[in-house]
Every structure is written in structure tokens, then in C-alpha cells.
Amino acid sequence: MAQPSGRARATAWGVAATATLAVLIVAGSRKLAHFDAALVGYTFATLFAVFGITYRYVMWLQRPPTRLYWRRGWQVFFAARGLPRNVLTAARRAVVEFAANRFIFVRGKLRGTAHWLIMWGCVLGAAITFPLVWGWVHFETVPGKIDHYRTLVFGIPAGEFAVHSVLAFLIFHGLVWASFLVIAGVMLAFRRRMIDQGAAAVQQFGEDILPLVLLLGISVTGLMLTVSYTWMKGYAYSFLAILHAVTVIVTLLWLPFGKLFHVFQRPAQLGVSFYKDESTSGEQARCRRCDAPYAGATMVRDLMTVERELGFRYELAGGEGHYQEVCPRCRRAMFGLAQSALWASAPKGEEG
Amino acid sequence: MPVPAQLQFFVDPSRCIGCQSCVQACSECDTHKGESMIHLEYVDRGASVQTVPVVCMHCEQPTCAEVCPADAIKRTGDGVVQSARKPRCIACGNCVVACPFGVPELYADRQLMMKCDMCYDRTSIGKKPMCATVCPSQALFFGTREELEELRPQSTPTNRFRFGEQIITTRVKVLAPKTKAPPPLLDVTAAMDDRPEVRHARLRVLGGAPAALPPADDPFAEVEV
Amino acid sequence: MAKIPVDELAITHAYGPHLSENVRGKTTEQPDKLVKTHCCFCGQQCGIQLKVKQNEVIGFEPWEEFPFNRGMLCPKGVKRYLQGSHPDRLLTALARDPSSPSGFRPMAYEAAIERAAREIARLQEAHGPGAVAVLGGASLTTEKTYLLGKFARVCLKTPFIDYNGRLCMVSAGVGNKKAFGIDRVTSPWADMLETEVIWIAGSNVAECSPITTNYVWQARERGARVIVQDPRITPIARTCDLYLPVKPGRDAALFAGVLSLMIEQGRIDREFIDAHTVGFDAVAEYCKQWTPAHTAEVTGVPERSLRAAAELWGQARSSFMLHARGIEHHSIGVQNVLGSINLVLASGRIGKPHSGYGTIVGQANGQGGREHGQKCDQLPGMRDISNPEHRKHIASVWGVEEASIPGPGVDAYELFRKIDAGEIKALVAFCFNPKISLPDSGFVARALDKLEFFAAVDFFLNDTARHADLILPGSLQEEDEGTVTQVEGRVIKINKAIDCPGEAREDWRVVQDLARALGRPHGFTFSGPREIFEELRRASAGGISDYSGITYEKLEAQMGVFWPCPAHDPASGAPTPDNPGTPRLFLPDSYNPIAKGAGRFYFPDGKARFVVADYRAPADDVDAEFPLMLTTGRVVSQFLSGTQTRRIGPLVKQYPEPRLELHPRLADKLGVKDGDWTTCETRRGTITVRAMVVTTIRPDTVFIPYHWAGEKSVNRVTVAAQDPMSKIPQYKVCACRVARAAAPPAYSTKLEPQQ
């Protein structure tokens, strides 16, 4: 379906995003001075992932319905009169729907709990590791104060803390906390997939199981690293380090292809919510058959445009209008009437 | 597991008695989370008891999937158009307005579209969909083509529909009268101005001398009020 | 004291009907087991598998192997599982207590049994055994109905027992006995598939017996023509070949008119009539007056339709005649039934391949429930309680003196008249909700108030039980095993899925506990339904409905056995343990214990009877003051008085409250619009419900479904006229007038739809 020009555009955006990240890594790590060479594998994985994600995102945005929603979403959001209110609404929705996962809890408590734990585990883990991998955050001992660390963000000093403080313990074990959240969440998710007959019927390995396995792999191998150097004098540390790196790199490279891509798609929900607000409060389309309102007029018009772009021809014969102007209920009734008309018009007494 | 190709879904709305068994049974399917995905409509209760059950027809090129901005609707290899993928669906409602048969429903509270998935929990393990299993008039029938031909000697299935200038082909089939001509196209938009008849005698006698039956129009025309 | 203890609204708040927890959203529960059993509602008794987990029914799975319905179910069957684990379920006995806010207080089961026995003993001592009456129900298993009949006659020694089948199948029963000598459908429904004409008289098949629809339409696919006789264009009438829009209550005239045309045109089977029937000439003579013009005038069916009916029915080589309450619920219910039978006999199409006749029974055990002794004039095996030989046989099975068995009692409505007259002082009611289901229900309520002692046995507190002094917690269908006999005459096995919750007991235990507390346990010490069935087999042996060759094992193995199924060959007396039962009656070479080989029908001469089916206008006919006809019936999502179905959320949602159906031409004349509050007034009173303006009903008739209680109960206004023979009430027609209501009824703001 994708046009060659679409692919070229997506490639260009992908290259640009990857290059931007590369430049930022060099700049943020003070020309690689703060860059940890041991993490170079991770770095390249993130660069590839950024290319893949950007490429797919741009391809996605070029689908007619997505493009139109994207454009309309921003239009409505930036509509001069509503902007401040929109920003507030967006913030509220971001908290309720994204931070708290309310709608997922409505879909199911077990599902909601699992998702919330995994999500926050991943967010925490990513927030710690990516800046470290890219050398954007760097710790060094404060000259003269052997038991104090200084944090450098983009090479700029951003505070100090004592090595044996509680804060230090919390910071240096951030990934441990993240993996606890993820492991708990993944366990709940697996439990749900095992006991929920509905989920079991439609789940696919690549789409639904593999991402959970990968996240579990990252968390468990990461924890084993901690265990190894804390209590086991570094037993099998280098092997574990490689194992951990493999799980992380595979996950990063799989990001653009698998279920986890929803992390990048999902924010579109916010844009859509503004578009939907607009179409529910605005002019309503009335069914040409029963005259009942059934959807926002803008939405119906936009949909006709999208359908035309996609090659659908729902125009009524003779330019009399568009099938989209009939409400869903009447469509169902017409389906029944059309079938009974076939029987009414069938020649009597004739056998096939 | 995929739904076996030889098992097909046949709908005959003219057999429907409006009892809502399908509606009640639909919500019992594990993939439907307690919601009913099938629609049962009175065409116009004031004028007739005619009803029509509407399941997802599982289009070969589903409009709902094409117009989905989130790319959340997928057709599996067995021809079943699945309910929206939960991580992706952003509850925009495009599919609801776009579906030519009027099938998908939006559940705003959970930010999700759900639709008939032919009871994938059942059909993917060789069972019949819940609605077609319980349907007391077998307006909804699930089985092989051979079984259908044995049961409905006067019918022939068709899976091509016209909506305006658009032709849609589906996995689910509708029963049309059997004639010498090839199975007809069901022109849905042609029914735009149709209204149900009070009485509708649809089947014909296969053999024997037909009695001269009174017409099927208003049987109460002569009753005084 | 059987007056309602406190304000009804308070009782409703405490005991419902409340709605069940909503549908099964949980998809994470796996059942421990699947129990193959049958639906608890109508007479078709569809096979169903219940999902059971930890003594709770959590869902269902279609049972596609059961031959009658092959997995098909109506909405009631689909959602029936929600009746268990219901917040309204009675878990203890209740005693009337006006000082309690809800009107009742819980009571220990044993103490309640003791008290019931004490009251019964006291009243019988003072007023004689006949001071106590028993009411049963056709939703009970055959074992329970058998035990109940025995309990009334042996333990209580009262003649007064009857059951709610009195409101259902009795006209058909009497008609069948008069014409054929046996009361059962002639053929399995599967025989319908190859038939040429199906005549459905007064049966809203699609809503009242939905699974039968598929048989009818499957027959149509193969070329059958369908005739439907109904004042409403029901879904089955919408697509029938010939619709006969009969005025309610004029069915006997219609049948006579059609038979008259058939005779005139020579479309009758003379050979069959001469060889296998008696009484034809009198019927032919009677039918002469029913000329097409006269018949059309009386019935409201146009002449051309009458002629088409005579032509279709007359020419057919095979046919099925089916009827139901639409022609039976009349003060000439038996005549209507006999009219339809005359058409069948004149056609000669009975006891022949692909041909059949029968009534579509309404209740779960409508057939079995009327065969084994809870009917006021019958003993087990369809035996006659006035026949000395029959009495002797049963007395020997029961181990009592023949003389100690009381004579015939009275029908359920007459029983209330006796309560009203003070003759009957105490009532023990099982599974019967007469306050909703009997006509002119205001009278029934007043009679209940007069009882000195009233004990009700039920699983929910139904509307009648609100009058009770004592409520004993009985069992739901899935909490017990037993047999029922479904519409085709097929005896089937109900299997137990769960144990009774709380202090609730299987109904047969309640009966036996009462017998024990009364100090007369002899004959009431069964260990369970299987043992009761074994005695029932012996009791029915040699009777018309002979179950002696049926065992639980055979029922399971064959998925049902059609009675009669004698254990011994009736001709030779040789044991026949492998007798598979009798799916088809009146076959040419069939043998029966009455005719003893003289013929196929159950009379000494083996011949069927033509009986003059005399048309009379309905009681409470229309006049200038009450110019419209009110008819009543069911909707598909509700069952009988709604005790169960008005508690199941999704079913209530499907059709929440009664509505009055009327034709737009009538609505225009009355100034009523769709959805308006509309009052229907009869000589008994008024009912106000919302209007539903539809072209699918005769413009001179209005329809209200009957499943609701209190002010929403249409039986507050129906007429208590009864058929003189069957005693069935005339539910299907009475005179009324209709007007737009000035204001919404008081209940509209106080009650939930199902209450």
C-alpha cells in the first residue's frame, strides 16, 4: 500500500531522528568524555530503535485516516479560543488516562494492575538507563569529598549527595525497583493470559507473549547482575552482563515491530479526544433515512474524504448523496429489507 | 488456531423471529467480556414484527480496518475481522460510522471498540459461534456448505453486497432465493426507501398444485374499528 | 391469618423482585463440571449443559447432541443460569410477622415444619380433612407431582388438590380424552419436517415455544405450507402462507366453517372416517349451519381465506395440526380443541407418516404434571379417581384401603371459591402463583386473606406467598433430579447440578418432612427421586400413561423415552425390558390396553370420536359499553408469573414492563400515541400501561402480556369465566374499553420495571 515516496519520506525522517540522537549523544556526553564504552552495544541498539520507530511512526502517519486525525487533532487543540483550556484538559487526561491508566482498569482490574506496574517499571527503567547509556547523566566523586558524588547532566553539575545516604541507595538501586514493578506486572499479565479464556482465544505469540517474555528477561537478568556483585562477589558477572545486554538489545530492536510500539501510538488518543469533543459538541449529522442524529457532521465529512482517498466508492448512484449519510441502525434495517426484497421479487414457483 | 475454512456462517434475516436469543447468548462468549456484539433490530415495529440480526460480515477488505487511524483492526488469515486490538484502539469511532453493515460499537468508558469476532474463542476450536448455536429459527446458521444445501433447498448463499457504487465481498453469507441465474448481489442501498410489509410470505412450494392464496397485504383491511 | 403483613412496597424492597447480578463479565472462571440437564421453563424442555463451579451455576454451554433442540435455546434458556445465587433466594423458612419491617422473620426449618404440621392438624381436627387444600405446579418434576398427589390423598386425606396446569393444558387434555381416549401429542416434532401442511391455531410459536419455529420452517423449506390462526400477526404469522385473522374466542366456529367447506367439496377421507371413527354424521350435520358467509361474519376471517384454508387442508396428503392456549383459554376451550380434532379426523391424517396432531404444552412438565395425580380428578397413570378399578390398583401400590382414598376434588379456581366460602381453611401451595396467574385476581387475593393457615413452598417469595403465614424454602430445578415429560410426550431426565443453599430443601423432602411431622410418615420415606420414580412406575403400570418400562438409565441412554412404555407387553404379558417407548400414537398395527386390539384409539371399540364442537360466544362479550376485545399472552423473555424471569436482569431489560398493543386505526380513534399511558377497563377493573401502536393486531382487539404483578397484572381485569368441562379460565378474551390515561399510574414512580 505504501507509496515509494512515502517510504522515502519515512526513511528520511528516520535518518534525521537517528542523526539527531547521535549528535545529542556526542554533545551530551561532552564529546564522549562521559560515555561509558562498555555500553556501546546499548547505544547502537537505541540508535537503530530510533530509526525503526521513527520510520514506522511516519509510515503510520501517512495512512489517510491517521494523517487526517493527526491534522485535525492539532487544529482543534490549537484553535485560538480554546488553547489554555485545551492544555489543562490535556494535562488532566494525561494524568487520569496515562499516568493512572483509568481506562485500562475499566477494561479489567487484573489487566489494569498488570499494565500499570509494567508501565511504571518501564518508565522508571528507561528514565534511568537511557541518559546513562547516552552519557547524558554522569556521576563523579566530588574532589576533596571522597564520600560524595556529583551528578552531571549534559556535563553540567546538578547537585551532590553522600555515597552512603538513603538517597544514594535509592538512586543506585533504581533499576532494582523498576524490575520489581515489571516482574510483578508481567506475572499478573501471564496469569491473566492463562486464566482468561477470552484472552487465550485471540492471543498470538509474537504479539502478546514475546514482549512479556522480553521484559521479564530484562528484569530478571538485570536483578541477577545486582545479586552477583552484591552478594556473590561478582560470580558469572560478565556472562550475566552479556545476557542482560542481549535481552535489552533484542527488545529495543523489536520495539518498532511488536506490541510495544503502542507506547508511541497511544498518545494519539489525546489528540483524538479533542477531535471527538469537537464533533460531539458541534453540528450533528442526521440520518438521511430516519433523520436521527448519529455522529458529528465533521467526522462524517472527514470520513467520506478518507474513504475516497482509500478508494472506497460509497457514493449513491446518480450523485444523490453518500451511503455514509445513513445511520448505523438504518443500515442494519436496510440489510434486512434488502434481503426480504430479494425473496419478494423472486419468480414464484421456479426451482433452481 | 484458525477458524476452519469449510465452516461458514450463513444469515437468513427473513427467518428471524426477534427473540433475542442471539443477543443474550452473545454476551456469554469469553471474547466479548459480558457485552453483546450482535445487533437485533426491529425494522419498524409499528409496521411489522420483522426483525433483522446483524453479525459482523467479515469483509474481505474491511472498511472499518482501512479507516482506523490507529491501525487497530486486523483480519486474521482465516478471514475473521477481529475486534480492535486493545493496546492500539483509541476509541475514535471511525469504524462505527464507516461500517456499511453498522456493526462495531464503541465502549467509551474503556476507550475501546468491540465488535463481533465470530466468537473466536469458540470457532477457533471448532465450535459454532454462540448466536448460531442457540438461534431457535436458525436465521443464523454455522456449518458447511453441504449441510446448508441439504437444509435449505430453496436458498442459495451470496456474499456480495452493493452500497452505493461500492461492492463489498464478505466471509459471512446471506441466503437469497435459488434461481437459475448466479447468486444475486444484495443491493442494500436499493432498500433505502423500503418499509416492511405487515405480512411477508417468502417461501414457495416446491411441487404440487398451489392453492389460490389470498394476497399477503393488510389482513385487517376489513375490520371495523 | 393470611393477610399481607405489611405494606407491599416494604416486602418488595426486602424480597424483590430484584435483578440478578449482571451477565457473566468474568471470563476467567472455569467450571468444575458440565451438567447435562434441561431448561427449567417451557414445555419444550430444551437440553442444556450447566456450568457448575463450587456449588454454583456460573453459566451454560449448549448441548448440541440432545435431539429435540440440538443446542438451540431461547433467551430464557440462555439466561436461566442467573436465577441461582440470586440475592432474593430464600435460604431459610420465613414466618409472617407484622412487627418486622419486611413483614417476615426467618425461622428455623425444623420449627417451621413442626408449626405447619401443628396448624394443619389443628384445622383438620376442627373442620375435617377437607379443610386443607394442596396446590401444585407443572414446573415440578413428575416425581414431585406424584408425591404431592399421594401426600394430599394419603397423608392429608383431602380431596382438594389441583395444580396450575389447570390454567394451561386442561382444555386440550379433555378434548384429547374425548376424541382419542388418551391425552398426548401424537408424534415427535421431527415428523413435521416432511409434512405438507402445518396448521397452527392460537399459538405464538416464535415467542412461546421458540424452538418449534425451526421445525415449522424446516418443513417449509421442504415445501410445506403453513396456516396460522391468530388475532395477532406474530412472527410465525408474518411469513405463513395463509393467515386467518380470527377474532379471539371464535375458533370453534372457524373450524366448523372450514370443515363444512371440506365436506361440501368432498375433501374428506370417507374410508378412514368409516373404518376408524364414530360420530361423524352429527358433526357434519352441525357444520351445515356454518356457511362461509356466516363463518366469516362470526370469526372475522374473510370468506376467501376460509376457502383457501379448506383447499389447503383438504388437498394435503400429510399434515400437522398444532394448537395452544390461544384456542384453549376459553370458556369453550374444549369445543375449540374438539373443532380442530374434527378437522384432523375428517382428513384421516392421523397415525400416518409425516402427520400429527397435538397441543404445544406451555409449562416445563405440562405433560408429565397432568398424568400422575396432582390433578383433582386423576390418579397416577392418567387413572380416573372415580373408577373403582383404578382406585384399587393405586390403593394397592400405596398400601392403603381403597376406601380411604378421597374422591374427586375441585379445580384450582373452584378451590379458591371454596376458600372464599370458608369451606377450605388451610392451603399448602407449591410452585404456584395464583395471585398473578388466575383471572380476576382481586378475588383470589381476597380469598387468600380468609385462609386461617397458608404455607407456601418456593425458592423466591412470590406474590401469592406474601399472604402466607409460613414460607418453606424449596428447591430450584437445578437443585434436584427427576423426570419431566416434554411437549412431544418424551420423558426426560433432569439432573442435579448443585445442592440446595442454606436451609432450603428439595421439595420432596419438604413434603416428607411435613408427613413425618404430621405423624403419618408411612409411604413418605423415600430416599430420593429415584425411589419415588420406582413407585411411580408401578403406579402407572397398566394405566394409559404407562411409565413402567422407563428407568433412569434408559432415559439417559436414549436421551428420553416416549410414553407409553410398559414393562410388560400389554397383549401377551411378557416382560419387555427393552421397550424403547412409543414415539407415535395410533399407528395402524398399534395395540393399547383399552382397545385391546380392537383398533388404534384408546376406546374399547378402538375408534376415535367425532364430537360436536358447539360454538358459543365468549362470556363477557363485547357490547356498546365495552366494545373492544382484550386478549392476553406471553412475551418471549418472560415466563408465566415472572417469579423467576422478572429476577433475571438481561431478560427484564429485553421487555421491562407490560405494554398494551393496539392497532394504529384504533389508536387514532382513541387519540392514543405510541408510548402513551393507556388505561384498559373491563367489568372487573382497570389496568394502566404504556401503549404500543402496531399494525400487527386486529383493530378491534388489544393485547397485554400477563407476566407482571400488582397493578401491572392484567389478570386483575380478566374474566373468571371457565370452560364447564376443563375448568380452564377464559384468559384469551373479555370485553374492555381503552382510553388515554389522564396521568401516569402511581406505580410508575414507586416501582422498578420488574416489580
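This is a predicted model: local features need pLDDT of at least 70, side-chain atom pairs count only at pLDDT 80 or more; totals for chains, interfaces and linings use all residues.
1. Two strands count as paired if DSSP finds at least two bridges between them. Strand 24 (residues 659–662) of chain C and strand 26 of chain C are joined by four bridges and run parallel. One residue pair to look at is Leu660(C), whose bridge partner in strand 26 of chain C is Ala691(C).

2. Strand 26 of chain C also pairs with strand 25 (residues 677–681) of chain C. Here the sense is antiparallel, with five bridges. Trp677(C) sits opposite Arg690(C) of strand 26. The link between strands 25 and 26 of chain C is a hairpin of four residues.

3. Is strand 26 (residues 686–693) of chain C enclosed or open? Six of its eight residues are buried, so the rest of the structure largely encloses this strand.

4. Now the contact between chains C and B. Chain C brings 60 residues and chain B brings 48. Helix 7 (residues 212–221) of chain C gives the largest share of the chain C side, six residues. By class, that side of chain C holds 26 nonpolar, 17 polar and 17 charged residues.

5. Chains B and A also touch. The contact involves 64 residues of chain B and 58 residues of chain A. Several elements of chain B each supply at least two residues to its side, among them helix 2 (63–66), helix 3 (94–98), strand 7 (155–163) and strand 8 (166–177). The chain B side that touches chain A splits into 31 nonpolar, 16 polar and 17 charged residues.

Technical notes:
Residues are numbered from 1 along each chain as its sequence is written. Chains are lettered from A and ligands numbered from 1 in the order in which they are written. Two residues are in contact if their C-beta atoms, placed from the backbone, lie within 7 Å. Ala, Val, Leu, Ile, Met, Phe, Trp, Tyr, Cys and Pro count as nonpolar, Asp, Glu, Lys and Arg as charged, and the others, Gly among them, as polar. A residue is buried if 20 or more other C-beta atoms lie within 10 Å of its own, exposed if 12 or fewer, and partly exposed in between; C-beta atoms are placed from the backbone.
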